[in-house]
Amino acid sequence: MVKQKINTCACYFGKFWVGEVLLRCKVLGNRGLNMKQKMSYKSITPSIGAEVSGLDCSTVDADNKIKLQELLVSRKVLVFRDQMISPLEFLDFMKIFGSPYAEDLKPQDGNPAEVGVIKIKPNERQIINFWHMDYSFLEKPAAVLSLYAEKIPPCGGDTLFTNLEAAYDGLEDNVKHDIDSLWANHKLSVETQNAKNRWSREELEKMDADPPLKHPLVCINPDNNKKYLFVNVPIFCGSIVGMENEEGDKLLSSLYHHAQRPEYSFRLTWSKGTIVVWENIHCLHYPVSDYFPHERKMLRVALKGERKPSNGF
């Protein structure tokens, strides 16, 4: 099969089979025709994830934008396959879900400032291989994150995601009662592989010197009024406030590991052109580091956190 991308053509926007050639026509002027896309999705597991089909992420109509927003709240992670889009189109697509901001200190590859690059070079090892959410050590962590696969290894490099709402629901009632009013200490205590691209040396030193930031251990998602565990990897979430001792550490560790159970998670295998969008503060993710010495390159967009994690008290 031969796949051909055509930038201008006389037909309307869409995908057509002509013999064995797939003509993917994208005409800027035809976007005003509001051709209806028949979007559908399939849940990946009962707890988390939806694979969306029938949608070109570069041209999403108003009705489907609303459906995607609602679907992200309910499923936490959205997967879009076989997307052939530019960095600018990727950025525009992510505006459906919120306000992008520039993470990296310097734009890379001529991309818009809000489109970052996460790249593992050939013969470089990925050392971020643990369950975590990004930026829990900030007052308003990034609400939504997205990756677009530009280059993937021939095998490996999967990413796992877990639903922190489902993890809270799965706790025993007595545990919920014991933790609902607790708070945890969050701090960037170890400089990660991507930190040097996102903060200056002075900023990192200040973050290291500042005291931990306190967030509730159990928060409420105002979009659906569900409670969720606000836990993270120990290098970001180090202790429970008022329980900075062995008992507190044991409780925090048990909650962090509870959230990783297969019942609340799924494993994504990437392919080139895959876009994944997930609710950062309601999920943990685990990028698997099993593809050395191969290359892996992702474009990334982060959306601003508009509110502090809150327990409603």
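Start with aspartate 208, which sits in helix 6, residues 201-209. Keep in mind that this is a predicted model.

Now step back to the whole chain. The protein chain has 7 helices and 19 strands. It runs to 313 residues, and 50% of them count as buried. Take the contacts with a separation of 6 or more: 79% of them join residues 24 or more positions apart. The chain exposes about 15400 Å², with 53% of that supplied by carbon and sulfur atoms.

Next, helix 2, residues 87-94. Why call helix 2 largely enclosed by the rest of the structure? Because 6 of its 8 residues are buried. Those in helix 2 are Pro87, Glu89, Phe90, Leu91, Phe93 and Met94. And what covers the buried residues of helix 2? The cover includes helix 1 (62-75) and strand 6 (77-80). It also includes strand 7 (100-101), strand 9 (144-151), strand 17 (275-279) and strand 19 (296-303).

Last stop, glycine 49. Look in the loop between strand 4 (40-43) and strand 5 (50-53). Is glycine 49 buried or exposed? Its relative accessibility is 0%, so glycine 49 counts as buried. Set aside its neighbours within four places in sequence. Glycine 49 then contacts Lys42, Ser43, Ile44, Arg75, Val77 and Phe266. One more pair to find on screen: glycine 49 and valine 277 are 228 residues apart along the chain, yet 9.8 Å separates their C-alpha atoms.

Terms used:
Residues are numbered from 1 along each chain as its sequence is written. This is a predicted model: local features need pLDDT of at least 70, side-chain atom pairs count only at pLDDT 80 or more; totals for chains, interfaces and linings use all residues. Side-chain values use heavy atoms; hydrogens and water are left out. Helices (H or I, at least four residues) and strands (E, at least two) are DSSP runs, numbered from the N terminus. Buried means under 20% relative accessible area, exposed over 50%, partly exposed in between (1.4 Å probe, protein chains only). Contact means heavy atoms within 4.5 Å. Accessible areas come from the Shrake-Rupley method with a 1.4 Å probe; for residues, only the protein chains shown count as cover.
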